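Trainee: I would like to learn how to read a structure like this one. Please take the features one at a time.

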Amino acid sequence: MANTEAIAVQRVPALTPEVQAQLQQLVVHSHWNQLPADWAQFFQLGTVHAVRDAGCAITASGAVLPMGAPTAPGPPVSWISMILVSPAQRGCGLGRAVFASCLAQVLADHRVPMLDATPQGEALYAKFGFEPQWRFTRWRRARQEAVTGGALPMANGVDHLLRLDAQALGFERAALLRGLAAREGAMCLRLGDATALLRPGRTATQIGPMHAHDEADGAALLDAIAAARPEALVIDVPQGRPRMEARLQAAGFTPERPFARMVRHAGHALAPAHTAIVQAVAGPEYA
Ligand SMILES: CC(C)(COP(=O)(O)OP(=O)(O)OC[C@H]1O[C@@H](n2cnc3c(N)ncnc32)[C@H](O)[C@@H]1OP(=O)(O)O)[C@@H](O)C(=O)NCCC(=O)NCCS
């Protein structure tokens, strides 16, 4: 085990243009999908932790995002994400140190830490007592030459999305979802009971969260999106959803990587989640 106590982790006080460029470089080096707007959201609603090198450049990052009120009595949740280490610095304890700093903040705030882990991250978080609850897969479709679909079914506001989202997760996150929906190029869609957000990303437009009580409704909304949008698309779909998987494959999506949704309970009973409603998560960085 690396001696992480010698590694200084700081809370980054403000998103200056220089900080934003350095953080975004970590995203690019890991081939992730976030935009500078995502860092702005983390600074606005949460806290960003970082390790700097001798020249003061950021070489590791982590973010803590407090989620809103639980839907039933129980402790509130904070999401930990954006654990990124510059490729040249990996294996030296930076990931462990920046993650430990994020976790310490969540525990000091008397919140339950949750996260979505890549296979690389899962190995690290398991060492801190995190356990997988369920798994999802990122699916990607490349840019299409032509589209066959018509206009997308726009939702009348985000209220239906916020309602299903809180039922699905067991806590609300209205500020976050309103922020995502208000971004340039983002939109909220609704087809019957199914509802989804679409937002631009660095490498592809992200579809999610997508919620519906019935998987078939989610699959129909996915079809409409895939037929109407020519650009590259990504969507993070819970595993074990045969209808969604069949429609994803028919629409030209292929599986890219698995993620594990993890929690460190430490004996706390969380408000109940209804994961069957989740047809796609908002993205591993946001739950
Ligand atoms: C995952 C990541 C953050 C780890 O950062 P790092 O600085 O290389 O990790 P550390 O050197 O602090 O190692 C932390 C621990 O995890 C273990 N670990 C790290 N990567 C591992 C891997 N791929 N498989 C198994 N164990 C691994 C190390 O052995 C170490 O254990 P120890 O402290 O008990 O010896 C880094 O590889 C990274 O940025 N990956 C790309 C982005 C990513 O996947 N982030 C995680 C998002 S959930």
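Mentor: First the ground rules. This is a predicted model, in which local features need pLDDT of at least 70, side-chain atom pairs count only at pLDDT 80 or more, and totals for chains, interfaces and linings use all residues. Residues are numbered from 1 along each chain as its sequence is written.

Trainee: Which residues are the closest to the ligand?

Mentor: A residue is near a molecule if its C-beta atom, placed from the backbone, lies within 6 Å of it. Here 20 residues surround the ligand, and the closest are Arg90, Gly95, Arg96, Gly121 and Ala123. By class, the shell has ten nonpolar, seven polar and three charged residues. For that count, Ala, Val, Leu, Ile, Met, Phe, Trp, Tyr, Cys and Pro are nonpolar, Asp, Glu, Lys and Arg are charged, and the others, Gly among them, are polar.

Trainee: Which element gives the most to the shell around the ligand?

Mentor: Helices (H or I, at least four residues) and strands (E, at least two) are DSSP runs, numbered from the N terminus. H4 gives the most, with four residues. Strand S4 (77–85), helix H3 (94–108) and helix H4 (119–126) each supply at least two.

Trainee: How do I read the length and the surroundings of H3?

Mentor: The expected span of a helix is 1.5 Å times one less than its number of residues. H3 has 15 residues and reaches 21 Å from its first C-alpha to its last, close to the expected 21 Å. Next, burial: a residue is buried if 20 or more other C-beta atoms lie within 10 Å of its own, exposed if 12 or fewer, and partly exposed in between, with C-beta atoms placed from the backbone. The buried residues of H3 include Leu94, Gly95, Val98 and Phe99. Contact requires C-beta atoms, placed from the backbone, within 7 Å. What covers the buried residues of H3 includes strand S2 (47–52), strand S3 (58–66), S4, strand S5 (112–117) and H4. Just after H3, histidine 110 takes a positive phi of about 60 degrees.

Trainee: Which strands pair with S9?

Mentor: Two strands pair if DSSP finds at least two bridges between them. S8 (residues 194–199) and S9 pair in the antiparallel sense over four bridges, and a hairpin of five residues joins S8 to S9. Alanine 196 has methionine 210 in S9 as its bridge partner. S9 and S10 (residues 233–238) run parallel, joined by three bridges. S9 and S12 (residues 278–280) run antiparallel, joined by two bridges, and histidine 211 stands opposite valine 278 in S12.

Trainee: Why is S9 described as largely enclosed?

Mentor: Seven of the seven residues of S9 (residues 205–211) are buried, so the rest of the structure largely encloses this strand.

Trainee: Is glycine 218 buried or exposed?

Mentor: Glycine 218 is buried, because 28 other C-beta atoms lie within 10 Å. Glycine 218 sits in helix H7. Not counting residues up to four places away in sequence, glycine 218 touches Ala194, Met210, Ala212, Met244 and Gln279. The C-alpha atoms of glycine 218 and glutamine 279 are separated by 6.2 Å, although these residues are 61 residues apart along the chain.

Trainee: Is alanine 8 buried or exposed?

Mentor: Alanine 8 is exposed, with 10 other C-beta atoms within 10 Å. Alanine 8 lies in the segment before strand S1 (10–11).

Notes: Contact = placed C-beta atoms within 7 Å.
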